Amino acid sequence: MSSDKVVKLGLDAKSVMRNTDIKTLRELAVKNEGASISSSGALMVDTGIFTGRSPKDKFFVNQDPSNKYIAWGNVNFSVSADIYKNLRELSTQQFTQKDLFVTDVFCGASLDSRRSIRFITELAWQAHFIQNMFIMPTEQELENFKPDFTIYNACKTNNPNWKEQNLHSDVFVVFNIEDKEAIIGGTWYAGEMKKGVFSMMNYWLPLDNKLPMHCSANIGDNGDTALFFGLSGTGKTTLSTDPKRHLIGDDEHGWDDNGVFNFEGGCYAKVINLDPKSEPEIYAAIREGAILENVVHDENGNVDYTDGSKTENTRVSYPISHIDNHQKNLMGNHPTNIIFLSADAFGVLPPVSKLTKEQAMYYFLSGYTAKVAGTERGITEPVATFSACFGEAFLPLHPTVYADLLGKKIDEHNVNVYLVNTGWSGGSYGVGKRMSIKNTRACINGILDGSINNSEFDVLPIFNLSIPKTLNGVDTEVLNPRNTWTNKEEYDATAKKLAGMYITNFKKYLKEDSHFDYTKAGPQL
């Protein structure tokens, strides 16, 4: 792409490189941006003071017609068109006479649902990250590429007028739906670009009666597709990366009339305490072509994955081709099984429960888990939270829009739904222990091979969840969470406390005109 063409976009660049090869981007990152190479060949970068997303600094321009659809509130903040214009000018000034990288990519493996996205960045390693995380066009596709949406990442600039503009800080991530663009300023964290596109897909697809999902997905040799919903740190990447199944994707998917499809072309995994024995596929993916973020390493590039002194949210991005048994077309059939992953910090939920359709709707809208240390600024230890649809931070529309779509698809395709606790057992956080990957994988295997249906089931009091009495490969005493607590009365009190939190949270969906009264499917006190 020539500089002349970029000038027409309002940018006075010194030079522009378009869809630059990874080898060149790595060399530039090391030469100019303080990056280094790990002993396994991955590029290592630091993202500065921001090592996680800044959700309070994400805004949508309040204008017609998108403002009729957006669910304004504590997730989707409003900003005026005038403030956006000011921030855009600030961002484009940052690009003046700079060496820029333009990266044109696709979001969505399904040709019926994909969007063309253009990123403009100043950092070579961020251009590398974009190529890792999205679907790269062919040379022929590049010739005819027309972006549906453009993201300007001016991470080196800040907003000096944020107080006067009643914004939350000098960081800004602002989406202008009508102008088909977004701007990022003040944060180097690459996840803002990834999740920014996800937020837009969550706006676009439901308007076409398609379901965007914060989930990972894999597919068996017989074509059975499984979805794993969950927030960051609940195990989406780990549990969907299965040597016996083909990985469709680890984080963001869509569900249209053709089936399930990955939005992305890569994976973005947490690497804190990464263990090559329990997560061999992810460990092996950290090689040339991968990017490690904010890890601690010695002078020889040997990474200490147990060191969280920079952040607990250490990350690796890599193209999905680094997983040997990935699904080549990044697509799957309509799912056979859906799994909701919750990291229960209270140690109350069982390791696996089979849900009715009504319970599926209740627990999907509730989206209970624990925010894990480091995924957001200010989170230093697990904090119990309810995040609608297991991804409320990325939902521009009202959560019930996505729940409606999910319910219709569960009915249409007769999908089995399960709740899996990847959190604590034997006590709350600080007392109990994190559920072992061995037990969790055995629960997942029982779901995927259907053997869980051969079990006898008990009903867990208060929550009324169906839990298997026995399950191959799972320690029997773990299946009923009450059995793992030394003090049973303390378990009962904690269960009532968590149930009350569920009940209080769900009240926001109970309006006079609402058809989402699934309270009988939830906990009962």
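These legends walk through several views of a predicted model.

**View 1. The whole protein, from end to end.** Along the principal axes, the C-alpha atoms fill a box of roughly 70 × 55 × 45 Å.

View 2. Of the 525 residues, 61% are buried. The protein exposes about 20,700 Å², and carbon and sulfur atoms supply 47% of that area. Who touches whom along the chain? Among contacts with a separation of 6 or more, 73% are between residues 24 or more positions apart.

**View 3. An open sheet of eight strands.** Here you can follow the strands in the order S1-S6-S7-S8-S10-S9-S4-S5, with mixed pairing. The edges belong to strand S1 (15-18) and strand S5 (77-79); each has a single partner strand, so one side of each is left without a neighbour in the sheet. On average, neighbouring strands of this sheet are turned by 25° against each other, direction ignored.

**View 4. Strands S8 and S10 side by side.** Moving into the sheet, we meet strand S8 (residues 149-154) and strand S10 (residues 181-185), which run parallel and are joined by five bridges. To find your place, look for Tyr-152, which stands opposite Ile-183 in S10.

**View 5. Two helices that pack on the sheet.** Helix H4 (residues 124-133) touches strand S6 (99-107), strand S7 (115-121) and S8. The direction of H4 makes about 10° with that of S6. Helix H6 (residues 191-204) also packs on the sheet, and its contacts are with strand S4 (58-61), S6, S7, S8, strand S9 (172-176) and S10. The direction of H6 makes about 150° with that of S7.

**View 6. Helices H9 and H13 where they meet.** How are two packed helices described? For helix H9 (residues 357-366) and helix H13 (residues 488-506), the angle is about 85° and the axes are 10 Å apart. Angles of 65 to 115 degrees count as roughly perpendicular, and that makes H9 roughly perpendicular to H13. On the H9 side, the contact is made by Tyr-362, Tyr-363, Leu-365 and Ser-366. Tyr-502, Ile-503, Asn-505 and Phe-506 make it on the H13 side.

Note on methods:
Residues numbered from 1 in each chain as written. Predicted model: local features only at pLDDT ≥ 70, side-chain atom pairs only at ≥ 80, totals over all residues. Heavy atoms only, no water. Pairing = 2+ DSSP bridges. Helix = DSSP H or I, 4+ residues; strand = E, 2+ residues; numbered from the N terminus. Axes fitted to C-alpha atoms, helices over the stretch in contact; angles between N-to-C directions. Contact = heavy atoms within 4.5 Å. Buried < 20%, exposed > 50% of the residue type's maximum accessible area, 1.4 Å probe, protein only. Areas by Shrake-Rupley, 256 points an atom, 1.4 Å probe, with all protein chains shown as cover. Parallel < 35°, antiparallel > 145°, perpendicular 65-115°, else oblique.
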